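Thanks for coming. I will show one structure today and walk through a few parts of it. Please have a look at the sequence and the model first.

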Amino acid sequence: MVSGIIGTGSSIMLVPVLAYVYGPKEAVPIMAVAAVMANVSRVLAWWREIDWRAFAAYAAPGALAAAVGARTLLMLPSRAVDLAIGVFLLSMVPVRHWLAARLLRLHLWHLAVAGALIGFLTGIVVSTGPISVPVFVGYGLAKGAFIGTEAAGSLAVYASKALTFRGAGALSTSTLLKGLVVGSSRMGGAFLAKPFVLRLSPDVFQFVMDGLMLASGLSMLWGAAAMR
């Protein structure tokens, strides 16, 4: 529901829990499946608002780069995955504010470059929603158009990531079912959140997103430190 309101964040909240229960390397493909389902629901909820040109510019290079990133992840040890996700989430607090303060009006080619970079990172670290937020906002999208277009772009990236895991044997039937369970709850939350979107203030968005990243990043680093 939080993700449906602010456009991102559910993966950031869920990954420490899933990493604790299943381990970080299984948590990533579980969240990839869940992210596909969650973004499908947001695309359906805001279908009429999507900017399809922006989607195509971002998604084409992003999907290809996500496959490369996912294969890179499979070669990393579990502790390295925990550390990478934790450091990434913590670093995104200042980086997101820096980007949001300095981005000028972006064009389609900017979205293509951002899609390639974010797609590769998404293949490795569970969620890069905090980075994609200022990119789509910088293009000029807001509210429903932002949520729908960002969801459509993320859908292409996460679908590529999930298919790469499946092809590499890292997405077993058991892992797929876990992802479907998590994704089903995320889909329901996205539709429940729609009435609240127009009433969300920018200050609340910033506060919630920073809090989520700090808490989740610290949890991942704690898990890496406790791992033997």
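Predicted model: local features only at pLDDT ≥ 70, side-chain atom pairs only at ≥ 80, totals over all residues.

By the rule used here, the count of aromatic pairs is three. In one of them, the ring centres of W47 and W52 are 5.0 Å apart and the planes stand at 65°, so this pair is edge-to-face, the cut-off being over 60 degrees. The rings of W52 and F55 have their centres 5.5 Å apart, with planes at 85°, so that pair is edge-to-face as well.

As a reminder, an α-helix has 3.6 residues a turn, so residues three or four places apart point the same way.

W47 is partly exposed, with a relative accessible area of 49%. W52 is partly exposed at 39%, and F55 is partly exposed at 21%.

Now the chain as a whole. The protein chain has 10 helices and zero strands, and its pattern along the sequence reads α-α-α-α-α-α-α-α-α-α. Of its 228 residues, 51% count as buried. The chain exposes about 10300 Å², and carbon and sulfur atoms supply 71% of that area. If we take contacts between residues at least 6 apart in sequence, 90% of them join residues at least 24 apart.

The next stop is helix 3, residues 24–45. This helix has 22 residues and spans 31 Å from its first C-alpha to its last, close to the 32 Å expected at 1.5 Å a residue. Helix 3 is mostly covered, with 17 of its 22 residues buried. P24 belongs to this helix and is buried, with a relative accessible area of 6%. P24 and R79 are 55 residues apart in sequence, yet their C-alpha atoms are 7.9 Å apart in space.

In one, E26 pairs with K178, and the closest N and O atoms are 2.9 Å apart. E26 lies in helix 3 and K178 in helix 9, residues 173–193, so the pair ties together parts that are 152 residues apart in sequence. E26 is partly exposed at 22% relative accessibility, and K178 is partly exposed at 21%.

In the other, E150 pairs with R42, with the closest N and O atoms 3.4 Å apart. E150 is in helix 8, residues 143–167, and R42 is in helix 3, so this bridge ties together parts that are 108 residues apart in sequence. Both E150 and R42 are buried.

What does the side chain of T122 reach? The answer is the backbone oxygen of I118, at 2.7 Å.

Key
Residues numbered from 1 in each chain as written. Heavy atoms only, no water. Phe/Tyr/Trp six-rings, centres within 6.5 Å; stacked < 30°, edge-to-face > 60°. Buried < 20%, exposed > 50% of the residue type's maximum accessible area, 1.4 Å probe, protein only. Helix = DSSP H or I, 4+ residues; strand = E, 2+ residues; numbered from the N terminus. Expected span 1.5 Å × (residues − 1). Polar contact = N/O pair within 3.5 Å; in protein donor to acceptor, adjacent residues only side chain to side chain. Contact = heavy atoms within 4.5 Å. Areas by Shrake-Rupley, 256 points an atom, 1.4 Å probe, with all protein chains shown as cover. Salt bridge = Lys/Arg side-chain N within 4 Å of Asp/Glu carboxyl O.
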